[in-house]
Amino acid sequence: QNYFTTAAQDIAGNRYHVVAFDPAGNASIASPIATALGTEVAGPQIRNVLARQLPGTVNALVTAVRAGHSLARGLERIAEEGPEPTRSVLELAVREIGFGVPPEEALARVAERYPSDDLALVGAAISVQQKVGGSLPRVLELINGTIRDRIRIKGDIKSLTAQQRYSAYLLSSFPVITAAGMLLVSPDYIQ
């Protein structure tokens, strides 16, 4: 799947255009309103795919840093070899890093474009680690465990509340179904 929305952006953060890619890979101009407002928020499909891919991405970053690569080089490897849409999202960060933006700031911008608590957590952890010091792989492993636990708990909550949600949908539809039935059976009663 190649769902992705991106904006051409220079180092000062000025946006030039917004392009949307549909699943077939065809490009089209996206909402001019988003460009005018200077905002870009990924759709729910992209955010869900990114959330599912984030633990694997962080794990790949841990592996790259443990192998002796810098954080920037680890992000570059993921941008080259990672699955879509993670690859496209991190390509923007890698380009910014190439222009001299610190990696933690580039990741913070990615978290702004693709709102996610987990992605913001990774960015904040890297930023704190860069300022305070310590073992980056260890910090990323702890964050990765937290992200995996959050995903598991969200799935558990969704499965445990499924029956109640569908009951609510069914009960909410009863007035409409009853009114439609009454309209068909006895239109004079409704009027």
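Which residues in α2 meet which residues in α4? The points below start there.

1. Basis. This is a predicted model, in which local features need pLDDT of at least 70 and side-chain atom pairs count only at pLDDT 80 or more, while totals for chains, interfaces and linings use all residues. Residues are numbered from 1 along each chain as its sequence is written, and side-chain values use heavy atoms, with hydrogens and water left out.

2. The α2/α4 contact. Leu-50, Gln-53 and Thr-57 in α2 meet Thr-86, Val-89 and Leu-90 in α4; contact means heavy atoms within 4.5 Å. By class, this contact of α2 with α4 has three nonpolar, three polar and no charged residues. Here Ala, Val, Leu, Ile, Met, Phe, Trp, Tyr, Cys and Pro count as nonpolar, Asp, Glu, Lys and Arg as charged, and the others, Gly among them, as polar.

3. Geometry of that pair. The axes of α2 (residues 44-66) and α4 (residues 86-98) come within 10 Å and cross at roughly 70 degrees. That makes α2 roughly perpendicular to α4. Axes are lines fitted to C-alpha atoms, for helices over the stretch in contact, and angles run from 0 to 180 degrees between N-to-C directions. Angles under 35 degrees count as roughly parallel, over 145 as roughly antiparallel, 65 to 115 as roughly perpendicular and the rest as oblique.

4. Overall make-up. The protein chain has nine helices and three strands, in the sequence order β-β-β-α-α-α-α-α-α-α-α-α. Helices (H or I, at least four residues) and strands (E, at least two) are DSSP runs, numbered from the N terminus. Of the 191 residues in the protein chain, 31% are buried; buried means under 20% relative accessible area, exposed over 50%, and partly exposed in between (1.4 Å probe, protein chains only). Among contacts between residues at least 6 apart in sequence, 48% join residues at least 24 apart.

5. The core. The largest nonpolar core holds 31 residues, of which Val-58, Leu-61, Leu-75, Tyr-114, Val-122, Ile-126 and Leu-140 touch the most other members. Helices α2, α3 (71-81), α4, α5 (103-113), α6 (117-132) and α7 (136-160) each supply at least two residues of this core. The largest share, seven residues, comes from α2. A nonpolar core is a set of buried Ala, Val, Leu, Ile, Met, Phe, Trp, Tyr and Cys residues joined through side-chain atoms within 4.5 Å. In soluble globular proteins, nonpolar side chains tend to be buried together.

6. Leu-75. Leaving aside its neighbours within four places in sequence, Leu-75 is in contact with Leu-61, Leu-90, Val-94, Ile-97 and Leu-107.

7. Helix α7. At 1.5 Å a residue, the 25 residues of α7 should span 36 Å, and its end C-alpha atoms are 36 Å apart, which agrees; the expected span is 1.5 Å times one less than the number of residues. Its buried residues are Leu-136, Pro-137, Leu-140, Ile-143, Asn-144 and Ile-147. These buried residues of α7 pack against α2, α3 and α6.

8. Asn-144. This residue of α7 is buried, with a relative accessible area of 6%. Beyond neighbours within four places in sequence, Asn-144 is in contact with Pro-55, Val-58 and Asn-59. The C-alpha atoms of Asn-144 and Val-122, 22 residues apart along the chain, are separated by 8.4 Å.

9. Gly-123. Located in helix α6, Gly-123 is buried, with a relative accessible area of 10%. Gly-123 and Leu-107 lie 16 residues apart in sequence and 5.6 Å apart in space, C-alpha to C-alpha.

10. The loop between α3 and α4. Pro-85 is in this loop, and a cis peptide bond joins Glu-84 and Pro-85, with omega about 0 degrees. Pro-83 is also placed in the loop between α3 and α4; Pro-83 is partly exposed, with a relative accessible area of 42%. Pro-83 and Thr-57 are 26 residues apart in sequence and 9.1 Å apart in space, C-alpha to C-alpha.
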